[in-house]
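User: Hey, can you walk me through this model? I'd like to start with whatever the records say.
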Amino acid sequence: VPAQATATAAPVQAAPAPVAPVPPAPAVDGNGRAGGLVLAKPPVRKLAKDLGVDLAALTGSGPLGSITREDVQRAASGTPAAAEPLT
Amino acid sequence: MSEPNDTTFDIVILGGGSGGYATALRAVQLGLTVALIEKGKLGGTCLHNGCIPTKALLHAAEIADQTRESEQFGVKAELVGIDMAAVNSYKDGVIGRLYKGLQGMLKSNKAITIVEGHGKLVAPDTVEVDGKRYTGRNIVLASGSYAKSLPGLEVDGERIITSDHALVLDRVPSSVIVLGGGVIGVEFASVWKSFGVDVTIVEALPRLVAAEDEESSKALERAFRKRKINFKVGKPFEKVEKTDNGVKLTIQGGDVVEAELLLVAVGRGPNTADLGYEQQGVKMDRGYVLTDERLRTSVPNVYAVGDIVPGLQLAHRGFQQGIFVAEEIAGQNPAVIDEAGIPRVTYCDPELASVGLTEAKAKEQYGADKIKTYNYNLGGNGKSQILKTAGHVKLVRVEDGPVVGVHMVGARVGELIGEAQLIYNWEAYPAEVAQLVHAHPTQNEALGEAHLALAGKPLHAHA
Amino acid sequence: MSEPNDTTFDIVILGGGSGGYATALRAVQLGLTVALIEKGKLGGTCLHNGCIPTKALLHAAEIADQTRESEQFGVKAELVGIDMAAVNSYKDGVIGRLYKGLQGMLKSNKAITIVEGHGKLVAPDTVEVDGKRYTGRNIVLASGSYAKSLPGLEVDGERIITSDHALVLDRVPSSVIVLGGGVIGVEFASVWKSFGVDVTIVEALPRLVAAEDEESSKALERAFRKRKINFKVGKPFEKVEKTDNGVKLTIQGGDVVEAELLLVAVGRGPNTADLGYEQQGVKMDRGYVLTDERLRTSVPNVYAVGDIVPGLQLAHRGFQQGIFVAEEIAGQNPAVIDEAGIPRVTYCDPELASVGLTEAKAKEQYGADKIKTYNYNLGGNGKSQILKTAGHVKLVRVEDGPVVGVHMVGARVGELIGEAQLIYNWEAYPAEVAQLVHAHPTQNEALGEAHLALAGKPLHAHA
Ligand SMILES: Cc1cc2nc3c(=O)[nH]c(=O)nc-3n(C[C@H](O)[C@H](O)[C@H](O)COP(=O)(O)OP(=O)(O)OC[C@H]3O[C@@H](n4cnc5c(N)ncnc54)[C@H](O)[C@@H]3O)c2cc1C
Ligand SMILES: Cc1cc2nc3c(=O)[nH]c(=O)nc-3n(C[C@H](O)[C@H](O)[C@H](O)COP(=O)(O)OP(=O)(O)OC[C@H]3O[C@@H](n4cnc5c(N)ncnc54)[C@H](O)[C@@H]3O)c2cc1C
């Protein structure tokens with residue numbers, strides 16, 4: 001009796017469809033993000049914020065030019081973020 | 001219908017279930033015209049014979065259990081019995097309200113032409129219904145699935161039944177054999193046990209819910225044992241005979257189980273026979289429609305979504321694929337769907353929920369030495385203690401990398417999968433989740449605690 | 001105790017509640033030594049007189065309601081009554097198990113010296129307990145809070161009580177007036193109503209749970225009206241008199257309410273009197289300890305965490321602040337905590353959950369024209385229909401920007417706050433969440449649907 005959670009009867013055919021070309025700097029990226037938003041996953045944006053890194057000033061090295069954690073960390077160690085202002 | 005005499009559409013969709021109607025709704029938002037062809041009821045399996053009715057039964061089952069065990073919480077109550085007619089009318093009420101809402105949404109939309117009837121692909125760009133032809137600049141196949149049986153097992157709808165029959169049963173049987181320990185099998189086993197039925201699951205694979213992480217299976221089996229749900233795993237069935245009062249099932253090796261009913265829950269097959277798919281050149285494999293990762297079939301401008309596409313058979317996968325295809329056709333170039341990022345919930349008691357890779361798959365993919373896991377026991381979670389539920393939240397991460405799998409077992413943990421879905425799909429690191437201390441006392445706190453522990457800073461746990 | 005004769009520690013913590021013990025646990029993970037001073041029970045308010053016991057009562061209340069309404073789901077049952085002795089022993093059982101776990105964790109750790117007794121700050125770096133002095137390179141004040149009363153309102157613990165007394169009540173009263181419609185007030189009102197008590201809430205502010213988004217208050221008031229929980233908002237109380245059988249409360253304007261008991265739930269005050277804080281130069285305001293955003297008081301190396309620091313009075317805020325301070329002292333330079341990013345859950349029925357800014361606050365902060373909101377009604381959510389609950393998920397976003405507020409009402413929505421917490425704190429855009437279609441049929445799907453709608457691609461909703 002096969003488990004029926006998934007029907008993996010057939011492998012997904014990889015009739016390698018050419019992934020549609022991605023414009024280098026899309027106004028709206030494949031995820032519907034508007035142009036104002038830097039291409040980086042949300043937790044990476046948060047990391048940048050915590051480290052005081054300006055994402056807009058970075059060039060991404062990830063897929064589709066997205067900014068990675070490494071990009072952020074590199075920027076943070078290169079230009080140490082100013083100490084948090086005290087209230 | 002905005003164009004009553006025009007039978008050419010931007011998209012012709014064959015099948016009005018989860019995958020089909022999601023395609024339609026998204027397409028019209030993007031300015032496309034759509035014909036949506038449905039021979040039965042809009043909403044398909046999920047709404048009428050799947051997700052919704054099973055979850056209504058499972059909730060009635062939860063109420064029965066809570067009533068039965070209410071004294072543990074200081075509430076004196078007596079469980080008199082299950083009134084199946086009333087259970088069914090509750091269940092049908094829920095379906096009815098959602099069906100009305102869905103119909104309203106689809107029928108009020110002028111850009112959607114709903115065609116009632118049985119459709120067949122008669123040309124690469126044309127579906128015929130009752131002699132009338134509907135031509136589309138694009139076609140989306142979304143004809144869904146049906147409950148399979150096995151050779152030598154004839155479903156009679158009386159004593160040997162599928163989920164379709166089980167969902168409209170007018171009585172609580174005294175005993176049931178559930179053939180198949182996958183999602184649908186364990187959900188029905190759970191419902192019936194809560195209703196007082198003597199249940200035995202028979203599964204050929206070595207464990208229940210074998211697609212899940214091994215520790216999830218173990219935890220479920222432990223819980224089922226405690227609930228006195230019988231199960232026999234590891235050996236296929238050999239034969240089924242009808243007896244005077246029910247059915248008798250023989251497992252390979254000679255073990256015999258008898259019961260009033262046999263539920264066949266051995267999987268769902270693609271509903272693609274005689275629909276003209278092959279004739280029009282659509283590449284198929286064992287009845288499934290093959291697509292690339294952009295859901296294109298081998299015929300230009302013909303797409304497929306939902307249960308007919310090999311992979312997870314889940315309603316929200318159908319939604320996501322439908323939305324994807326509509327956006328693709330509209331030229332929006334949506335990001336490819338990561339199948340592992342689709343959340344999976346099994347709604348039995350205790351619930352199972354997972355997203356991403358199992359530990360075994362992650363080790364296969366990244367190498368065993370690169371994978372770290374953490375198993376947070378719900379014994380340390382206040383809210384789970386309050387609910388008197390047992391289980392765990394297990395995380396799988398790549399060393400110095402993101403969380404690539406989340407696996408949960410316990411009452412109500414299905415609701416935690418939304419958060420886990422973001423963590424997996426956004427490739428979060430344990431420390432990034434750990435930074436955000438979760439609300440106390442919730443069950444989602446257990447997810448937070450697991451991330452704290454994996455980040456090296458356990459709070460209510462040992463490292 | 002690793003250093004039995006050494007009374008100098010890296011950190012001396014005054015108070016072993018949520019804030020204090022979290023500081024201790026994190027500090028020792030970072031290699032620091034700690035003295036943790038507690039006059040009562042480790043775990044503090046939350047474990048013994050707060051979060052945990054109230055949530056146990058609320059779960060017993062849920063069981064009572066479900067039993068009472070079970071026929072709607074086809075389950076025939078009879079609610080016989082509430083056995084308060086059994087409710088209390090269930091509640092105490094939960095507390096006991098968690099208390100044991102916490103004690104084990106703290107006491108087994110050699111780097112933590114637990115000091116039992118009443119401590120007082122006698123020098124900027126020293127706490128004295130029973131004549132013995134404990135010196136710390138750093139001091140963390142974590143002495144917590146107590147249930148406040150109002151002028152003219154004398155708590156006698158018999159007829160006029162606080163949450164402390166309500167949590168150990170040995171009977172179900174016939175009627176109760178709850179003075180205060182904040183979190184603690186509505187939670188107790190909810191419990192008692194489920195137990196069959198005639199309840200009236202009196203709140204001076206114009207709405208229940210006034211700190212929440214206005215639409216949340218409205219939805220809660222609608223639900224409470226349906227549950228026949230009485231409430232009178234907008235006018236302060238004038239006086240309270242004892243009667244032969246209970247209490248009589250007069251509201252300004254002349255309205256009078258009578259009941260067997262009066263619960264005073266008008267907030268919690270900081271527990272800081274006579275602890276030497278001012279004398280040692282710690283700047284205070286109305287009893288609260290003032291800190292900067294790094295939780296430093298005005299005295300070098302003296303920090304404060306938890307309910308004594310102005311802001312949300314929540315256990316997990318105490319945890320988060322405790323962890324922060326330990327990391328700060330260890331030189332880890334942790335990121336400043338965004339107070340608005342701390343999730344808030346009210347566990348009455350229906351539950352309320354929120355994170356981030358209310359619509360009003362967001363408009364104040366960003367300008368009314370820059371804020372968009374979307375309110376997804378749970379009527380469209382299958383699982384909520386199955387639970388027969390009403391409510392909504394409301395999102396507040398900055399135009400072309402991230403989600404800055406999530407506000408939810410409905411049974412069990414507290415469990416959805418983990419996901420909302422990530423969305424708010426990671427400044428996610430609606431489209432980024434919308435892309436990840438949520439598991440069907442769950443309640444967390446409602447969060448997904450709300451993001452789909454706000455991203456301009458509603459699925460089971462109108463735009
Ligand atoms: C008992 C059970 C419980 C389930 N529980 C869950 C759950 O909790 N969560 C979850 O995510 N998934 C669940 N599923 C799976 C879920 O129902 C399916 O994954 C989902 O319905 C697939 O959507 P679909 O659009 O591919 O197909 P379907 O929903 O099957 O829709 C296909 C539609 O096409 C129509 N059709 C077929 N052929 C033709 C034709 N020739 N002409 C016209 N119309 C045609 C059919 O009438 C049908 O309405 C469950 C399934 C079952 C059986
Ligand atoms: C009825 C109720 C329900 C609540 N429900 C929730 C909820 O569901 N979720 C939530 O997040 N929060 C809830 N809270 C709030 C939560 O309990 C507090 O925010 C939390 O306990 C604060 O932690 P703390 O460490 O600041 O203080 P406390 O927990 O009050 O701990 C302070 C400790 O310090 C000790 N102490 C004080 N002075 C001295 C001294 N001089 N010497 C030695 N020891 C001393 C006390 O004995 C106490 O143990 C609830 C509170 C109440 C009253």
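Analyst: UniProt, in an unreviewed entry, lists His440(B) under "active site"; its positions are given in the numbering used here, feature names are shortened, and annotations may be inferred rather than shown by experiment. This is a predicted model, where local features need pLDDT of at least 70, side-chain atom pairs count only at pLDDT 80 or more, and totals for chains, interfaces and linings use all residues. Residues are numbered from 1 along each chain as its sequence is written, chains are lettered from A and ligands numbered from 1 in the order written, and side-chain values use heavy atoms, with hydrogens and water left out.

User: Is His440(B) buried or exposed?
Analyst: Buried, at a relative accessible area of 12% (buried means under 20%, exposed over 50%, partly exposed in between, with a 1.4 Å probe and protein chains only).

User: What is His440(B) in contact with?
Analyst: Leaving aside neighbours within four places in sequence, the list includes Glu445(B), Cys46(C) and Tyr347(C); contact means heavy atoms within 4.5 Å.

User: Switching to ligand 1, which chains surround it?
Analyst: Residues from chains B and C do, so the site is shared between chains. Glu38(B) and Lys55(B) are among the residues that come nearest (near means a heavy atom within 4 Å).

User: And which backbone atom of chain C is 2.8 Å from a ligand 1 nitrogen?
Analyst: A polar one of His440(C).

Definitions and conventions. Polar contact = N/O pair within 3.5 Å; in protein donor to acceptor, adjacent residues only side chain to side chain.
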